[in-house]
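The points are grouped by topic.

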Amino acid sequence: MSPVPIALTPLSQDARRRRRESTTAWLFISPSVLVILGLSMIPVIWSLLLSFQANDLVTPSRWVGMDNYSALFQDPNFGQAVRNTLIYTVLFVPLSIAFGLALALALNRRVRLVSLYRTLFFVPFVVSATAQGVLFSFMLDPQVGVANSLLHRLGLSPQGFLTDPAQALFVLIAITLWSGSGFCVVVYLAALQDVPQTLLEAARLDGAGRWNLLRHIVFPTVMPVTMFLLVWQTITALQVFDLVYVSTKGGPLGSTTLIVFFIWQQAFRNFTAGYGAAAAYVLAVALLGLGLARRLLARRRSPEGNLR
């Protein structure tokens, strides 16, 4: 008895069509996926193995296990870089967010030439850190800089700025506030557009003042954006390198040596690549912990956090 042919149902035909489309899509994107994986995963794995080796990038490496990590936590230069980075982060992050919110509130009004003002505040953010370093190195030069020239005209004593160990780190923070606050301004301006105008109008009718409007309506509305900026600016602060390299080279006396510059210094100036890789992985673990903490905090604050 010959078998009876089974007709394909519309459902099975649709499933086969989706499977063919999925296969075709993967064939098209597979070269890009392989390139991305090759440029990301392979360096990550290679640097992890490198952190357990003594490697000068010239001679054959040798396995040293955890020696790089143990030496790292006993290195006073690494401790100084960590302290400088923490000071930089603790000052830069809240100040940039506060300045960004204040400027966004001031620019979120219908005033003349407001688009020009918004552009002027955002322009420093798109200026490269290298250009910023060159510009401010000339402006803050103790001998020929315009800053000391203005102080002299005001009858004030000249300052060392980037050449003074007591001032250099705080001057770097001021420079990055000039450029980094622009990003916060743009993000907050977008967030302020989502503040319900009906709530603001109702609160004004009930006699709420400006501070009460900010405290009870505006701030809670932009809180998710604030949490995003808190993480973003912290990661940015932990990865500062270009400005330090161009302006101070980590000096004077290591007062501006931040963690990423320390990693570069160990790997490419001192030719201790394994030691630098170990420092890089300490930073990577810190960034990973920061991201996980942000994720856990977001889930805890979410009303549906227990359901996810």
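Helices are DSSP runs of H or I with at least four residues, numbered from the N terminus. The model is predicted. Helix 7 (residues 168-192) packs with helix 3 (residues 76-107), and the axis of helix 7 also comes within 6 Å of that of helix 4 (residues 114-126).

**Helix packing**

- Two packed helices are described by the angle between their axes and the distance between the axes.
- For helix 3 and helix 7, the angle is about 40 degrees and the axes are 6 Å apart.
- Angles under 35 degrees count as roughly parallel and those from 65 to 115 as roughly perpendicular, so helix 3 and helix 7 are oblique to each other.
- The crossing of helix 3 and helix 7 is right-handed.
- The contact of helix 3 with helix 7 involves 22 nonpolar residues and 6 polar ones, with no charged residues.
- Helix 4 and helix 7 cross at roughly 130 degrees, their axes coming within 6 Å.
- That angle makes helix 4 oblique to helix 7.
- The crossing of helix 4 and helix 7 is left-handed.

**Nonpolar surface patch**

- The patch has an area of about 1,000 Å².
- Trp26, Phe28, Ile29, Val33, Leu37, Met41, Val44, Ile45, Leu49 and Trp63 make up the patch.

**Salt bridge**

- The count of salt bridges comes to 1.
- Glutamate 21 pairs with arginine 17 in a salt bridge, and their closest N and O atoms are 3.1 Å apart.
- Both glutamate 21 and arginine 17 lie in helix 1, with a spacing of 4 residues, about one turn of the helix.

- Glycine 251 and proline 252 are joined by a cis peptide bond, with omega about -5 degrees.
- Proline 252 sits in the loop between helix 10 (242-247) and helix 11 (259-269).
- Lysine 249 is found in the loop between helix 10 and helix 11.
- The phi angle of lysine 249 is near 55 degrees, which is a positive value in a residue other than glycine.

How values were computed:
Residues are numbered from 1 along each chain as its sequence is written. This is a predicted model: local features need pLDDT of at least 70, side-chain atom pairs count only at pLDDT 80 or more; totals for chains, interfaces and linings use all residues. Side-chain values use heavy atoms; hydrogens and water are left out. Axes are lines fitted to C-alpha atoms, for helices over the stretch in contact, and angles run from 0 to 180 degrees between N-to-C directions. Helices (H or I, at least four residues) and strands (E, at least two) are DSSP runs, numbered from the N terminus. Angles under 35 degrees count as roughly parallel, over 145 as roughly antiparallel, 65 to 115 as roughly perpendicular and the rest as oblique. A crossing is left-handed if the near helix is turned anticlockwise from the far one by less than a right angle, and right-handed if clockwise. Ala, Val, Leu, Ile, Met, Phe, Trp, Tyr, Cys and Pro count as nonpolar, Asp, Glu, Lys and Arg as charged, and the others, Gly among them, as polar. Patches are made of residues with over 30% relative accessible area and no salt bridge: like charges are joined within 9 Å, nonpolar side chains (Val, Leu, Ile, Met, Phe, Trp, Tyr) within 5 Å. Accessible areas come from the Shrake-Rupley method with a 1.4 Å probe; for residues, only the protein chains shown count as cover. A salt bridge is a side-chain nitrogen of Lys or Arg within 4 Å of a carboxyl oxygen of Asp or Glu.
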